[in-house]
Amino acid sequence: MDDDLLIAAIAAGDDTALRALFARHAPWLAARLRSALPAPDVEDVLQETFLAVWRGAGGYRPQGAAGGWLWGVARRQAALFLRRRGPAELVLPAVIAADRRHTADPAEAALSRAAIDDAVGVLGPEGSPDREVWRLMYVEDRPVAEVAELMGVPEGTVKSRAHRARRLLRAALGGGPVAGGTR
Amino acid sequence: MNIELTDLTRRFGRTYAVAGVSMEAGPGVFGLLGPNGAGKTSLLRMMATVLPPTSGRLRLLGRDPGSPGPRREIRRRLGYLPQSLGYYPGFTVAEFVEYFALLKDMPPGRVPRAVAAAVEQVGLGDKAKAKLRTLSGGMLRRAGIAQAIVNDPDLLLLDEPTAGLDPEQRVAFRAILRGLGERATVVVSTHLVEDVGAACSQVALMDAGKVVFDGTPGELIARGEGSGAAGDAPLERGYSAVLAAARSVPATRSAAGTPPGPETWA
Amino acid sequence: MTDEGVNGEAIFSRNSANWTEPDGLVLSPPDVDLSRVWTGVAAEVWRRRPGPAEWLAARLLRSPGLARALVTTPSLLLGWLIATLIVLAAGAAATLGTGTPYVALFAPAVAGAGIAYAYGPGIDPAWELSQSTAVSDRMVLLVRALAVFGLNAAAGLAAAAASGVSGSAAAVTFGWLVPMTAVCALALAAATVSRSANVGVAAGMSGWAITVLAGQVSAGRLTAAFANSLLLPYLAFAACCGAVAWYATRIPRGAS
């Protein structure tokens, strides 16, 4: 059955559709997550991911891009998981990097993590506006509206700070291995 | 030792359904073979603490099921699938397995995961929320197996578990048995001889309330070789040979009402 | 969704637009146990959440299994309860009309039927299996019988009060509780001995009918069955039947 149909069935409460979706997509999701997280954490995040799919299937708009949506859910769950666990700035960027390149080599993943960790310093000291925006939006994966409320600034300000943070980080990472992400 | 039987008997009226059985079993898969009326079901029911013995000593999981306290402890660690298991038509598979998980005193926090694992293990993952009245006979049997294994029992008693299962399901079932037999004592009572050979490390053959053979499947096969006994497969020939030998010997202990008769298994 | 101002680069995009669907088989990492993950998902998706009655019963009885057995009692299911209330309400209405205490006459019979259908081999398809569970079938029987009795008594009392019988007839209004106990005990004993709920119902109803008719014949009124002098005999009879039921549930019988 087509993924879109499966997700629609899940939204209607069909648990066998969830089972089919799991069988089809859990393996590659696990592989993706594994490049950034240790195996037990992958299991926890994957479980939370599919429970989130079960609860939130109604919010999926069929575009034939079920895989992307699922990965989005998985990333969000990974962020929540890491947030519950404590400071996540080291590991989550590697999850983001997994978006671009499926890093099966743990050494390379570590290099990505280290590079991003160094680069983040270019945003300023902890607590500075750009650093805060980076932390709230990309480490803790919160939506723009929530970040704006938390920081007490308009959404437009949040977006422009995020843009500046990305520009600074891209420049800082320009010479490193993750530069492969820039086309 | 999870099962220790010493000279166990069970009498109904004047008939001895079980006429003096002694056996010991630790972890592993044990087959209980025999024709209809041999006493397999009565023996199994005694081990399931459903039927008290008339005489003899019975110890299960190191406890005496005669007293209520130890009996309850045994039952928490017990899994039982009777020969004919009724079902509640309005229950779903998951509800059915969960019901017996709760009746076996499983801590409620552990129940959902245990139910999910048991349902998946018997291959009913697609039917977890289907009502029992919509299931075929083989699926109902598998639901019965699921409730028996849900509490990860130390003592698992299965009476004709593969009735209604197709060959592929029986293979899957034997794999479950082997896995469980690594830590638990599994007793499978069946009249399907081939089932026993594939999964059991030890086989007992009962006739007229007594155990007439107790050994490995290989030894049972050996008894059948060269004896000219009936049977299409080595185990069946061993089975026939042992029964014939047992019945040609006059009964020494009073097994009243059960004279030797012609072989009558279906 | 990519962030504005970025030239097609999406390294920090929140919904990754640069994800590409892997073609061909992707094997999951060998150290990730996907079946364990699915078991965790299924546990949440398939779980049943107990209702408030069951939750309360679990705390009072200190046994979730017993509570679940209680709320699944066949004669406590909604359909049965509604039928009971209808019968008693009809009795109340009839009493208001004719003055004959129909509630008092109906309640024991209805309760007896409810008790017989609470538990037992005739009504529980998985009877054999329930005899091997840690929560003993006798406990289930006891709890269910008490619950059915209690509910029937409460419903009967409400119906009797609603039927507006005056104070002098209060003995009749409430004096049927003891006969009801006896009828229920009879139904229970018959059901457990014969291993059939239907036999239990038949025994309870016919026993009660005979008692009432005997009262009618000997003393000329239907309410003779509620005489105070019969209180002790009723209770003694109930105790005997209780003992029989107790004994019948102790020794499982049946062919080999």
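Trainee: What makes 51% of the 266 residues of chain B count as buried?

Mentor: A residue is buried if 20 or more other C-beta atoms, placed from the backbone, lie within 10 Å of its own; 51% of the 266 residues of chain B count as such. Keep in mind that this is a predicted model, where local features need pLDDT of at least 70, side-chain atom pairs count only at pLDDT 80 or more, and totals for chains, interfaces and linings use all residues. Residues are numbered from 1 along each chain as its sequence is written, and chains are lettered from A and ligands numbered from 1 in the order in which they are written.

Trainee: Which domains does the assignment give chain B?

Mentor: Domain 1 is 1-77 + 154-256 and domain 2 is 79-152, with bounds from an automatic or database domain assignment. Their C-alpha centres lie 24 Å apart.

Trainee: What makes up the contact between them?

Mentor: Domain 1 of chain B gives 18 residues and domain 2 of chain B gives 15, where contact means C-beta atoms, placed from the backbone, within 7 Å.

Trainee: How many residues on the domain 1 side are nonpolar, polar and charged?

Mentor: Ten are nonpolar, three polar and five charged. Asp, Glu, Lys and Arg count as charged, Ala, Val, Leu, Ile, Met, Phe, Trp, Tyr, Cys and Pro as nonpolar, and the others, Gly among them, as polar.

Definitions and conventions
Contact = placed C-beta atoms within 7 Å. Buried ≥ 20, exposed ≤ 12 C-beta atoms within 10 Å, placed from the backbone.
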